[in-house]
Amino acid sequence: MSFSRVGFVLIALRFAPLLLFALLVVAFGMGSDRFLSVANLLNIVTQAASVAVMAIGMTFVLLVRGVDLSVGSTMYLVVVILGLYLSDLSLALSIPAIMLIGLAFGAINAWFITYLRLAAFITTLATLFVGRGLALQISETKMVFQSDTVQTLGRSSALGAPWAIWILAIVAATAWVILTQTPYGRQIYAVGADPDAAAKAGIRVRPIVFSVFCICGVCAAIGGLISVSQAGAAAATFGFQKEFPVIAAAVLGGTSLFGGRGGVLGSIFGAVLVQTTENGLVMLNADPYLYPLVNSAIIFIAAWVDGQRTTITERLEQRKIRIEPG
Amino acid sequence: MSEVLLRIEHLDKSFFGVSVLRDVSFELMHGHVLGLVGENGSGKSTTMNILGGVHRRDAGGIELDGEAIAPQTPREALALGIGFIHQELSLFPNLSIEENIFLDHFPKAFRRLPFISRRGMRERAKAALELVGLDASPGTPVSRLAQGERQLVEIAKAVIREARLIIFDEPTTSLTARESERLFGIIERLRERGLSIIYISHILGDVLRLCDDIVVLRDGRVMAAEPRSAFTIERLVTLMVGRMIDQLFPERTTRPDPTRAALSVRGVSQPGVVKDISFDLHPGEVLGVSGLMGSGRSELARILFGLDAHAAGEIRVYGETLPARSPRRAMERGLAFVTEDRRGEGLMMDASVRDNIVLPSLPEHASPFLRFIRPTELGTLAREMAEKVHLTARSPERTLARTLSGGNQQKVVIAKWLMRQPSIYILDEPTRGIDVGAKYEVYKIINELVAAGAAILFISSEIEELIGMTDRIMVMARGELRGFHDRSQYQRETLLRAALWD
């Protein structure tokens with residue numbers, strides 16, 4: 001009796017972000033007739049692609065109980081290097097190049113965290129400033145314009161879908177296969193659930209933690225490319241505070257801040273949810289100063305739901321000493 | 001088939017100079033179940049941890065199927081065919097059954113590529129689950145399984161690694177009666193397949209029923225290693241206990257005052273945890289609580305102190321009802337709780353002894369002006385308390401709790417509560433993991449407390465300590481009270497048997 005009630009609460013909490021999403025869509029749809037048009041919905045997903053890709057990378061990190069606050073700086077640094085030094089390269093060369101830069105940046109985070117045993121929070125908070133500082137040095141805080149190839153990329157589309165959506169699809173499919181279909185992916189979940197037990201089960205915990213930060217760096221770089229191809233240029237505030245919507249998207253999508261739970265599809269959904277809010281507020285001509293408030297309210301709800309879910313699950317898993325008759 | 005599978009010869013092991021295994025030898029045949037019994041600290045776990053690759057031995061030999069082995073890690077032991085089912089299961093609740101089984105050796109879909117063959121995994125997992133009698137799809141998340149079912153997954157893990165020997169360490173402590181029966185059936189089936197089993201348990205009735213041979217350990221020595229037919233429960237208990245303990249406990253001169261109740265508990269129940277617990281604790285009394293791990297002792301303590309909820313019943317302190325679920329109120333009424341887990345719950349390891357001692361009393365000793373902390377007064381008080389508990393640390397201000405021995409840490413925990421001058425102490429395993437000398441000191445403190453009129457609920461797994469220190473003992477098993485024993489009628493055997501619930 002009481003168990004089924006707890007079970008119901010759990011289910012309700014699991015679908016809380018979906019309910020929120022539905023509520024938002026209905027509310028915005030009633031407030032503005034343009035909001036529910038096909039063009040606008042496609043536009044939302046396109047706008048969300050950058051955050052979604054980065055949220056996928058963040059999911060890997062969150063799954064092992066880590067966090068990466070430096071993603072916004074990574075994307076800015078990558079884009080500055082791309083605009084200033086790699087503008088002559090063809091896409092076939094520049095895309096792998098920026099992915100490598102993202103990987104290197106992630107590897108620095110990973111090295112501090114796994115080998116010097118610094119807390120991920122502090123490490124990535126530091127590299128957040130280092131990355132942005134470095135990029136501002138290189139760019140001399142000026143606007144960095146991108147080559148025509150990159151800008152064309154942002155405007156082009158294939159099979160009716162903008163280029164950004166295809167990139168998102170490729171990243172998402174790859175990440176999904178890695179997380180669900182490879183031993184490595186399943187071991188990430190094990191490490192997140194209980195690092196000590198994972199080590200005892202013969203899993204090499206350190207390389208796994210190292211690699212997820214690298215993956216997060218690569219995703220941040222791709223996110224930066226998507227974003228800058230849409231904007232055409234990167235100002236000094238490019239990617240500033242991006243870590244916030246990225247982590248929020250992952251958490252809204254059901255990835256736990258406590259590790260071991262979450263997935264690719266949820267994070268994409270979370271990114272779309274974040275973007276929907278913003279888009280809807282624009283459609284409603286809301287006061288721009290309201291955006292951060294609404295966004296943080298949604299994120300607060302997501303974090304609260306996650307906390308509730310974890311508490312309840314822990315309570316359910318508590319050891320029972322006696323079985324009551326009936 | 002009665003060839004020897006496992007031969008353990010002259011095993012020695014000591015921790016920090018304290019000898020825990022002395023010349024332990026026994027044999028296990030193919031297809032036999034060997035029962036390993038002994039009190040807490042008798043060396044059962046150490047022996048099995050050496051066999052399972054958790055600890056290293058100091059001397060002696062282990063032969064498996066005639067080959068000398070020395071597993072260095074649990075993984076190596078498993079590769080040798082030794083599966084170890086720990087009391088605390090090591091499963092990942094967020095993964096499925098099959099993923100838990102194959103976590104470090106997933107079957108590959110293509111030889112070179114790192115993709116999991118879901119089909120291969122499922123088929124092999126299914127076969128293993130059938131063998132252990134778990135009726136669940138291999139894709140089910142482990143979080144949905146009951147405790148007993150999770151244990152079956154652990155067994156399946158061992159089976160799939162082609163273990164020749166499976167060690168069960170207290171496998172029934174968290175199982176219901178029906179789950180236990182099912183487990184015995186599976187052990188029987190494994191035996192028929194030629195596997196050998198080592199079965200560790202406190203429940204002697206089960207051991208006698210299940211095992212072909214029984215090894216009794218006491219103080220790290222083998223007291224007997226014979227076929228089952230040579231044993232009765234009485235003989236087992238006599239072999240397990242039986243030690244002179246008279247001078248291990250300080251004399252107490254004061255008597256409890258039975259006319260009043262310091263703590264009065266009536267019908268306290270919480271579904272799944274404890275049922276209908278009623279007792280009175282008198283001023284000046286040490287009331288022992290005996291029972292096995294998982295009997296609900298610590299859970300009861302947490303309920304009394306207001307850390308956990310209870311669905312029914314009443315707790316009164318000197319006649320006044322204690323509000324449920326409020327450790328703060330419990331403290332205000334004079335309750336103190338020394339927890340089982342001193343490292344995790346009782347102490348701030350990186351803080352000084354003084355800071356630890358004064359922590360719970362900060363509000364009482366704050367200055368009237370803006371509630372500032374008054375360091376000098378607190379320092380004096382802390383030193384006073386440290387003296388009261390015979391703490392040997394030189395400077396309470398500068399010594400960090402981390403640097404103290406287990407015994408001294410325990411004294412800090414007690415001093416911390418002393419400062420609040422409680423009238424009722426709940427001590428949960430106050431002497432666990434501390435050496436004999438420090439134990440004696442803790443006992444002396446207990447005697448001083450009751451001499452000053454405090455009432456003490458003394459939870460312990462060591463029956464001897466309860467016999468030596470308490471005025472009465474109440475025995476718990478499976479969350480229920482199994483009865484009270486007065487000091488005049490203490491008998492080790494009856495106490496042990498009451499706790500075992502046979």
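In chain A, the axes of α9(A) and of helix α11, residues 205-231, come within 10 Å and cross at roughly 105 degrees, where axes are lines fitted to C-alpha atoms, for helices over the stretch in contact, and angles run from 0 to 180 degrees between N-to-C directions. Because of that angle, α9(A) is roughly perpendicular to α11(A), given that angles under 35 degrees count as roughly parallel, over 145 as roughly antiparallel, 65 to 115 as roughly perpendicular and the rest as oblique. The contact is made by A:Q187, A:I188 and A:V191 on the side of α9(A), and by A:V205, A:I208, A:V209 and A:V212 on the side of α11(A); two residues are in contact if their C-beta atoms, placed from the backbone, lie within 7 Å. By class this contact has 6 nonpolar residues, 1 polar and no charged, with Ala, Val, Leu, Ile, Met, Phe, Trp, Tyr, Cys and Pro taken as nonpolar, Asp, Glu, Lys and Arg as charged, and the others, Gly among them, as polar.

The model is predicted, so that local features need pLDDT of at least 70 and side-chain atom pairs count only at pLDDT 80 or more, while totals for chains, interfaces and linings use all residues. Residues are numbered from 1 along each chain as its sequence is written, and chains are lettered from A and ligands numbered from 1 in the order in which they are written. Helices (H or I, at least four residues) and strands (E, at least two) are DSSP runs, numbered from the N terminus.

From α4(A) the contact draws on A:T74, A:L77, A:V78, A:I81 and A:L82, and from α5(A) on A:S94, A:I98, A:I101, A:G102 and A:F105. These residues divide into 7 nonpolar, 3 polar and no charged.

Turning to the two chains together, 24 residues of chain A are in contact with 25 residues of chain B. On the side of chain A, the elements that give two or more residues are α9 (183-193) and α10 (195-200), and α9(A) supplies the largest share, 7 residues. That side of chain A has 10 nonpolar, 5 polar and 9 charged residues.

Within chain B, 6 strands form an open sheet in the order β6-β7-β8-β3-β9-β10, with mixed pairing; two strands pair if DSSP finds at least two bridges between them. The edge strands, each pairing on one side only, are β6 (82-85) and β10 (221-227) of chain B. Neighbouring strands of the sheet are turned by 15 degrees against each other on average, direction ignored. Inside the sheet, β3 (residues 33-37) and β8 (residues 196-200) of chain B pair in the parallel sense over 4 bridges, and B:G35 stands opposite B:Y199 in β8(B). Helix α1 (residues 44-51) of chain B packs on the sheet, and its direction makes about 150 degrees with that of β7(B). Helix α8 (residues 233-240) of chain B also packs on the sheet, touching β3, β9 and β10 of chain B, with its direction at about 30 degrees to that of β9(B).

Further pairing in chain B involves β4 (residues 59-64), which pairs with β1 (residues 4-15) in the antiparallel sense over 5 bridges. β4(B) and β5(B) form a hairpin with 2 residues between them, and B:D65 in the turn has a positive phi of about 50 degrees.
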